[in-house]
Amino acid sequence: MKNLMYKTKILTEKLEATELNILDALMLIDYSLSSLNEMNSDDTAMNNLVSSAIKFSEQLGIDPVSDFNRHHRKRLLPKRIDQNPNTQCSIDLPTFYRVEFKKVLNTLIVLLNEHLKKSLVTFEPMITLFKMPWKQICSTENVKKVIELFPPGCKDFKMNDYDGVIAELKVLDHQCNVKKLDSLTKIFELSEDCKTCLPTANKLCRLVLTAPVSTASNERAFSKLKIVKNYLRSTMGADRLQHLMLLYSNKDILDCIDLKSSVK
């Protein structure tokens, strides 16, 4: 269970990172799903885990088997329901906790699998277009689907020059091959340098890196708003509130600033 909680904790922390993009997040969920499936199919590791827990309990002076038998005693069905109730199966301690552990794993696997499938359906064109290592192979239909991921009110949503977009992506791909770039972040930095001549390719890179992975940052903002706008600041204006929220949300950067040098 400790190993399971450790893996889910790492997944949660990675998904809440501000620098994570949607493609890396989907890949991370896929890897976590494979790891959980591997744990779910390894009965030997589960039995060893239960055996280790039993030995650790005995070192503390606890008899886990007797406690289990006291709380999970065999309850025979009445003879009017079962003519031979003595044939009813009995569950021992390792089997019981192995079943419980599998229930937890199955729940996590189902939830992650559903989330991954829904995300893959939405972002499949983007994944195809920016899959690492980046080999620029795109079709007009795929580019059209990626452009449809822009917000409906955005002017890029109505873009219909798909051949021009493909040409820009091929130029960007050529520059990436020359400089041997192998990550989305580096490709984005290159697209920023070439945004005057490759504006649409730069916007597509921005779309990949700015698509929200989770709502953790938004939820934290509401928690910070409760701290900043308290009952002593009830008459504070919107501009001042926005500035204070910006300072409080970037406290890690603000703590590194030398106020004396800023005043000078």
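1. Contacts of M126. In this predicted model, M126 is in contact with I22, L23, V146, L149, L207 and V208, leaving aside its neighbours within four places in sequence. M126 also belongs to the largest nonpolar core, where M126, F130, L172 and L204 touch the most other members.

2. The core around M126. The largest nonpolar core holds 44 residues.

3. L23 lies in helix α2. Its relative accessibility is 9%, so L23 counts as buried, the cut-off being under 20%. Not counting residues up to four places away in sequence, L23 touches M126, I127, F130, L184 and V208. In sequence L23 and E124 are 101 residues apart, while their C-alpha atoms are 9.6 Å apart in space.

4. Helix α8. This helix covers residues 184-193, and its buried residues are L184, I187, F188, L190 and S191. Seen down the axis of α8, these buried residues fall within an arc of 160°, so they line one face of the helix. An α-helix has 3.6 residues a turn, so residues three or four places apart point the same way. The buried residues of α8 pack against α2 (22-41), α7 (162-179) and α9 (199-210). One of them, L184, is touched by L23.

5. The second largest pocket. About 360 Å³ of space lies in this pocket. Its lining is made of 18 residues, and L49, V50, A53, L93 and Y97 lie nearest its centre. The elements that give two or more residues to the lining are α3 (43-59), α4 (64-71) and α5.

6. The protein overall. The secondary structure comes to 13 helices and 0 strands. Buried residues make up 27% of the 264 residues. Of the contacts with a separation of 6 or more, 61% are between residues 24 or more positions apart. The accessible surface comes to about 18500 Å², and carbon and sulfur atoms account for 57% of that surface.

How values were computed:
Residues are numbered from 1 along each chain as its sequence is written. This is a predicted model: local features need pLDDT of at least 70, side-chain atom pairs count only at pLDDT 80 or more; totals for chains, interfaces and linings use all residues. Side-chain values use heavy atoms; hydrogens and water are left out. Buried means under 20% relative accessible area, exposed over 50%, partly exposed in between (1.4 Å probe, protein chains only). Helices (H or I, at least four residues) and strands (E, at least two) are DSSP runs, numbered from the N terminus. The arc is that of the directions from the helix axis to the C-beta atoms. Contact means heavy atoms within 4.5 Å. Accessible areas come from the Shrake-Rupley method with a 1.4 Å probe; for residues, only the protein chains shown count as cover. A nonpolar core is a set of buried Ala, Val, Leu, Ile, Met, Phe, Trp, Tyr and Cys residues joined through side-chain atoms within 4.5 Å. On a 1 Å grid over the protein atoms alone, a cavity is a set of points where a 1.4 Å probe fits but cannot get out, and a pocket is an open set with protein on both sides within 12 Å along at least five of seven lines; lining residues have an atom within 4 Å of a point. Grid points are joined across faces, edges and corners, and a volume is the space filled by probe spheres set on the points.
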